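Subject: Structure handover

Hello,

Here is the structure we talked about. Please open it first, then read my notes below.

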Amino acid sequence: MTILRIATRKSPLALWQSEHVANCLRQAHPQLQVDLVPMSTRGDEVLDRSLAAIGGKGLFLKELELAMLRGEADCAVHSLKDVPMELDPPFVLPAILPRHDPADGFISNTHPTLLSLPTGARVGTSSLRRQAQVRALRPDLQLLDLRGNVNTRLAKLDAGDYDAIILAVAGLERLGLGARIVERLQAPQWLPAPAQGAVAVECAGGALLELMATLDHAPTRACVEAERAMNRALHGSCHVPVAAIAQWQGADVLHLQGLVGSASDGRAVRAEASGPANNPQALGQQVAGMLLERGAGELLGLALG
């Protein structure tokens, strides 16, 4: 029997996702013994500052990549929205699993919708993308930072620190917490992070590529590659408010919607286009170009200071 070791963050959601991948691998390859290697990352440990301030979402990957290079793990599992647009060699993403619901979830114990919040209500989110879209819809609301794992964030809401918070639907439903969602924030009015809801396997190439390919979901890969190509062309990261969602139109066409916003004043530019599903990168670059023509560069420059 061959042993495969999956490096994973220790948060409940990361462990759920890694165990899900492990079960998929066990079903596809019954001869495999799949073990999890839980690790703590700097992104998990530093909770008193925003991700942008301490180096971005790549902090969630670095320790896991180092574990692979040291031979302590064979692969790692990530929320794809946390994976940088460019991976350092020799790392690749041989498997992207079927995408869960990419929407954001509005969670409040007292109000049924974002628009029904009273003037000056406190909304918790550290995502600049979410802040920009809240600002556009409700410039009167107070936006407050919110870090920590899903359960920690919900506990802060329940303690009265916020009137509402916004979290990814996929993470809540994977943890059995979907009942906490009172409103789904979704396209076309509200756009998610590029690749939100998708789980990816990362490894350092080699013999694992063929083994992992059995988990790859081509329809999901096409969508997230379009979204990530748009983000890459905009030089997007968690430092800037970039949103995107690609959806299938028929059997061979993708439709991509993109947004670049301003977390400070709610200004936003939007663009959308359709293109052949067999060239998602070109579609992403096309929508990025449209956004830049409409003034996205100024907003991105402001976000990056």
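Start with helix H10, residues 280–293. H10 has 14 residues and spans 20 Å from first C-alpha to last, close to the 20 Å expected at 1.5 Å a residue (1.5 Å times one less than the number of residues). Helices here are DSSP runs of H or I with at least four residues, and strands are E runs of at least two, numbered from the N terminus.

A word on the source: this is a predicted model, where local features need pLDDT of at least 70, side-chain atom pairs count only at pLDDT 80 or more, and totals for chains, interfaces and linings use all residues. Residues are numbered from 1 along each chain as its sequence is written, and side-chain values use heavy atoms, without hydrogens or water.

Which residues of H10 are buried? They are Pro 280, Leu 283, Gly 284, Val 287, Ala 288, Met 290 and Leu 291 (buried is under 20% relative accessible area, exposed over 50%, partly exposed in between, with a 1.4 Å probe and protein chains only). They cover an arc of only 160° around the axis, so they sit on the same side of H10 (the arc uses directions from the helix axis to the C-beta atoms). The face turned away carries exposed Gln 285 and Glu 293. Gly 295 follows H10, with a positive phi near 110°.

Now the largest nonpolar core, with 24 residues (buried Ala, Val, Leu, Ile, Met, Phe, Trp, Tyr and Cys joined through side-chain atoms within 4.5 Å). Val 287 and Leu 291 are among the members that touch the most others. H10 gives this core its largest share, 5 residues.

Best wishes
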